[in-house]
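Okay, thanks for coming, everyone. Let me put the structure up and then walk you through a few spots in it.

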Amino acid sequence: MKGVFVTGTDTGVGKTNVSAALLAATPADVCYAKPIQTGFPPDDDLLHVRQLSGAGNERTPDLGLRLRAPVSPHHAAKLERRALTAAELAAPLKAADAPPRRWIIE
């Protein structure tokens with residue numbers, strides 16, 4: 001698995017918009033994934049990236065865990081009484097990486 005990570009220290013700092021812009025400017029073998037989405041609904045970053053980038057479902061597969069509270073992922077998981085592991089979050093990405101693709105991971 002190859003790609004880039006788009007990170008930021010807070011919500012509303014532009015990570016999703018940057019991810020969408022990168023996806024729109026890259027070849028068709030580049031895909032977007034967000035392993036954890038908090039504040040869902042009403043926040044739907046996957047839909048936002050699809051709309052902004054013009055990329056279809058094949059480049060923006062629904063691989064992430066969605067949590068309700070609009071807080072940090074570890075806190076949202078705690079509120080929902082879920083234990084998160086890196087292996088749990090990576091498994092859907094590994095499964096979707098066939099054939100090997102390049103990824104933008106937010």
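Before we start, when I say two parts pack against each other, I'm talking about contact, which means heavy atoms within 4.5 Å. And keep in mind that this is a predicted model.

So, let's begin with helix α1, residues 15–24. Which residues of α1 are buried? They're K15, T16, S19, A20 and L23. These cover an arc of only 135 degrees around the axis, so they sit on the same side of α1. And what do they pack against? The buried residues of α1 pack against β2 (30–33), α2 (45–53) and β5 (102–105).

Together with V4 and V18, L22 makes a nonpolar surface patch of about 220 Å².

Okay, on to the backbone. Most peptide bonds are trans, and most residues other than glycine have a negative phi. Here are some spots to look at with that in mind.

P41 and P42 are joined by a cis peptide bond, with omega at about 15 degrees. You'll find P42 in the loop between β3 (36–37) and α2. Then there's the bond from A98 to P99, which is cis as well, omega near -5 degrees. P99 is in the loop between α4 (86–96) and β5.

Last stop, R81. This one isn't a glycine, yet R81 has a positive phi of about 55 degrees. Look for R81 in the loop between α3 (73–79) and α4. Is R81 buried or exposed? Exposed, because R81 has 80% relative accessibility.

Methods:
Residues are numbered from 1 along each chain as its sequence is written. This is a predicted model: local features need pLDDT of at least 70, side-chain atom pairs count only at pLDDT 80 or more; totals for chains, interfaces and linings use all residues. Side-chain values use heavy atoms; hydrogens and water are left out. Patches are made of residues with over 30% relative accessible area and no salt bridge: like charges are joined within 9 Å, nonpolar side chains (Val, Leu, Ile, Met, Phe, Trp, Tyr) within 5 Å. Accessible areas come from the Shrake-Rupley method with a 1.4 Å probe; for residues, only the protein chains shown count as cover. A salt bridge is a side-chain nitrogen of Lys or Arg within 4 Å of a carboxyl oxygen of Asp or Glu. Helices (H or I, at least four residues) and strands (E, at least two) are DSSP runs, numbered from the N terminus. Buried means under 20% relative accessible area, exposed over 50%, partly exposed in between (1.4 Å probe, protein chains only). The arc is that of the directions from the helix axis to the C-beta atoms.
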